[in-house]
Each structure stands twice: as structure tokens, then as C-alpha cells.
Amino acid sequence: MIRILLDCTGFDMSEFAQRLRLLRESRQLTQVRLAELIEVDARAYNRWERGTIAPQLDTLIRIADVLQVPLDELVGRKPVSGEVRIRNHSLNALWQQADTLPDQEQQALILVIDSFVKKAIVEKAVGMRADLTKRAPTTTTRAPARSPGRTPKRAAHAA
């Protein structure tokens, strides 16, 4: 029945499949992960991206919610906006809840998030520096260590 509904509305399966893949990839989700988020079998999801079958309306709504796009954009009635909000679905759900917190609590949350982001940036920079140090060839050579109290032979002859 949903196939008939989609056919009557001029729904182009190949265009939908391409759009679905584009939206998923722009959010850096795998097919398997998106299938998990919308609670469907990964094989069924794969068929949607190949354009062989169409998802049911309730599934289209879940896909739109997870990908954070209007349903019209998902099914091709409106162009893809390109605006990706928060890619991680769980983080997006938390963000929506945090948006309802009082201002003082939001400011505290901003400080916590900011500290995690800065920590990650520093760790990445330190890791990159360590990688560069490991890769850099050693061009300086050290002279052999001398025993204390011994004079070099040349110096002894010159005296």
C-alpha cells in the first residue's frame, strides 16, 4: 500500500535512495548505525539506499527525525539544506533537553562541554607532536663519552 501511495505522489525511488545516502553520509553514519537508530534491519535499510524498496511512512518519519531533516526534504519535495546540526543522535536528544534548562544551568553545561573540547584539542596536538618526534630522523651524532681524568692522546703529545 505504501508503494502505491509513493507511486501516486510521483516519488522517485532512485532519487530518494541517493538523497538518503547523501544525508546519512553527511552525518557520518554507517548504514548499520542508522538502521540501529531507526530500529530496522540493516538489510532492509540497505535495500532503501539501493532503491529496490520503499520504507513505510512511519519509518520515513523516524528516518527524518534521526537525520534531523523535515520529511519533505527527506523524500525530495524540498532541496537538501546541507545544514547538519548535531550528527550524534543521542547528543542531539540531550542538546534538545539541555535547551530547556534554566540559563544558569545552561552556562554551567557550556563550561563543561568547552573544557572537554579544549582537552580533546590539546590531546590531539600533543599526540601529533609525539608522532612528529617519533618520525623525525636524528641528524646529530654525539661524540663518544670520555673517561674522567684521561686526556686525549693528541693533547698529551702537544704538551
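This is a predicted model: local features need pLDDT of at least 70, side-chain atom pairs count only at pLDDT 80 or more; totals for chains, interfaces and linings use all residues.

Visitor: What share of the residues count as buried?

Guide: Of 159 residues, 22% count as buried. The accessible surface is about 12,300 Å², and carbon and sulfur atoms hold 56% of that.

Visitor: Now a helix pair. At what angle do α3 and α5 cross?

Guide: Read two values, the axis distance and the angle. Helix α3 covers residues 31-38 and helix α5 covers residues 57-67. Their axes come within 9 Å and cross at roughly 115°. That makes α3 roughly perpendicular to α5, because angles of 65 to 115 degrees count that way. The crossing of α3 past α5 is right-handed.

Visitor: Which residues make the contact between α3 and α5?

Guide: From α3, take Leu34, Leu37 and Ile38. From α5, take Thr59, Arg62, Ile63, Val66 and Leu67. Sort them by class: the contact of α3 with α5 has six nonpolar, one polar and one charged residues.

Visitor: How do α2 and α5 lie, roughly parallel or roughly perpendicular?

Guide: Use the angle again. The axes of α2 and α5 cross at roughly 30° and come within 11 Å. Angles under 35 degrees count as roughly parallel. The two helices α2 and α5 are therefore roughly parallel to each other. Their crossing is left-handed.

Visitor: Which residues of α2 and α5 meet?

Guide: Phe16, Leu20, Leu23 and Arg24 of α2 meet Leu60, Ile63 and Leu67 of α5. By class, the contact of α2 with α5 has six nonpolar, no polar and one charged.

Visitor: One last pair. How far apart are the axes of α2 and α4?

Guide: Helix α2 (residues 13-26) and helix α4 (residues 42-50) have axes 6 Å apart, at an angle of about 115°. Phe16, Ala17, Leu20, Arg21 and Arg24 in α2 touch Tyr45, Trp48, Glu49 and Arg50 in α4. The contact of α2 with α4 divides into five nonpolar, no polar and four charged residues.

Notes. Residues are numbered from 1 along each chain as its sequence is written. Side-chain values use heavy atoms; hydrogens and water are left out. Axes are lines fitted to C-alpha atoms, for helices over the stretch in contact, and angles run from 0 to 180 degrees between N-to-C directions. Helices (H or I, at least four residues) and strands (E, at least two) are DSSP runs, numbered from the N terminus. Angles under 35 degrees count as roughly parallel, over 145 as roughly antiparallel, 65 to 115 as roughly perpendicular and the rest as oblique. A crossing is left-handed if the near helix is turned anticlockwise from the far one by less than a right angle, and right-handed if clockwise. Contact means heavy atoms within 4.5 Å. Ala, Val, Leu, Ile, Met, Phe, Trp, Tyr, Cys and Pro count as nonpolar, Asp, Glu, Lys and Arg as charged, and the others, Gly among them, as polar. Buried means under 20% relative accessible area, exposed over 50%, partly exposed in between (1.4 Å probe, protein chains only). Accessible areas come from the Shrake-Rupley method with a 1.4 Å probe; for residues, only the protein chains shown count as cover.
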